Amino acid sequence: EGEKLQELLQQYSEDKASYVEEFWSDAYLVPDTSPVLNLNPFFLLEDGPDQKTSKSQVGRAASLTFASLKFASLLYTETLHPDVVRGKPLCMAQFKHIFGSARIPHTKSSAERDEVLSDPNSKHVVVMCRGQLYYFQALREDGSVVCNEMDIRGILEAVLSDSEKLKEEERALKAVGVLTSLDRSRWAHV
């Protein structure tokens, strides 16, 4: 039975860059349920290897952000080596959606599924702190990283400090994170 399934997959994928992508899109973008609890992956992070940064939330965030920027730089400059299994490179088509992307909700009547739009020119980091959005330039036009980990730590400390200045009522008026917790058909109308 495995050989027959393999043959069917090969036939199905003849005109596709990746036979997995359509299944992923259907599983992730079609359901009308809130993506927060039903679709979003989560990670449980262990303590970082550097004890100086892993004890502080800002230090850990700076370390993770800097590591993410180095990875994003490899993607933008197309210098990331593909993962290889049994001598064959794995499909990396979805990687283009890791950074600079947004899920755009649609109603069931306007489209079968939501869509993910990616901006290949996005070179900034968005930080949400106490419901407020902040951003900073993180990559140069050539895709190289603009700042180092200590620079990012300083930026995050400034964000934290600034976010504490607003009263809770003012923060609530400007908060947008709650939108993504709605069912997609309701979110599409906001």
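Helices here are DSSP runs of H or I with at least four residues, strands are runs of E with at least two, and both are numbered from the N terminus.

R130 is partly exposed, because its relative accessible area is 38%; on this scale, buried means under 20% relative accessible area, exposed over 50% and partly exposed in between, computed with a 1.4 Å probe on protein chains only. The backbone of R130 has a positive phi of about 55 degrees although R130 is not a glycine. Most residues other than glycine have a negative phi.

## Basis of the values

Residues are numbered from 1 along each chain as its sequence is written, and side-chain values use heavy atoms, with hydrogens and water left out. Since the model is predicted, local features need pLDDT of at least 70 and side-chain atom pairs count only at pLDDT 80 or more, whereas totals for chains, interfaces and linings use all residues.

## Overall architecture

The protein has 8 helices and 6 strands, which follow one another along the sequence in the pattern α-α-α-α-α-β-β-β-β-β-β-α-α-α. Taken along the principal axes, the box filled by the C-alpha atoms is roughly 60 × 45 × 35 Å.

Of the 190 residues of the protein, 25% count as buried. Among contacts with a separation of 6 or more, 58% come from residues 24 or more positions apart, a contact meaning heavy atoms within 4.5 Å.

## Packing of α5 against α6

Two packed helices are described by the angle between their axes and the distance between the axes. For helix α5 (residues 57-76) and helix α6 (residues 149-163), the angle is about 130 degrees and the axes are 8 Å apart; the axes are lines fitted to C-alpha atoms over the stretch in contact, and angles run from 0 to 180 degrees between N-to-C directions. The two helices, α5 and α6, are therefore oblique to each other, in a scheme where angles under 35 degrees count as roughly parallel, over 145 as roughly antiparallel, 65 to 115 as roughly perpendicular and the rest as oblique. The crossing in which α5 passes α6 is right-handed, a term used when the near helix is turned clockwise from the far one by less than a right angle, anticlockwise being left-handed.

On the α5 side, the contact is made by V58, G59, A61, A62, S63, T65, F66 and L69, and on the α6 side by E149, I152, R153, L156, E157 and L160. These residues divide into 8 nonpolar, 3 polar and 3 charged, with Ala, Val, Leu, Ile, Met, Phe, Trp, Tyr, Cys and Pro counted as nonpolar, Asp, Glu, Lys and Arg as charged, and the others, Gly among them, as polar.

## Other salt bridges

Side chains of opposite charge can pair when their charged atoms come close. The structure holds 4 salt bridges, one of them between R153 and E157, whose closest N and O atoms are 3.2 Å apart. Because R153 and E157 are 4 residues apart in helix α6, they are separated by about one helical turn. R153 counts as buried at 19% relative accessibility, while E157 counts as partly exposed at 39%.

The side chains of K16 and D15 also meet in a salt bridge, at 3.0 Å from N to O. K16 counts as partly exposed, at 27% relative accessibility, and D15 as exposed, at 65%.

## Further local features

E78 lies in the loop between α5 and β1 (84-85), and its phi is near 55 degrees, a positive value in a residue other than glycine. At 74% relative accessibility, E78 counts as exposed.

E168, found in helix α7, is exposed with a relative accessible area of 59%.
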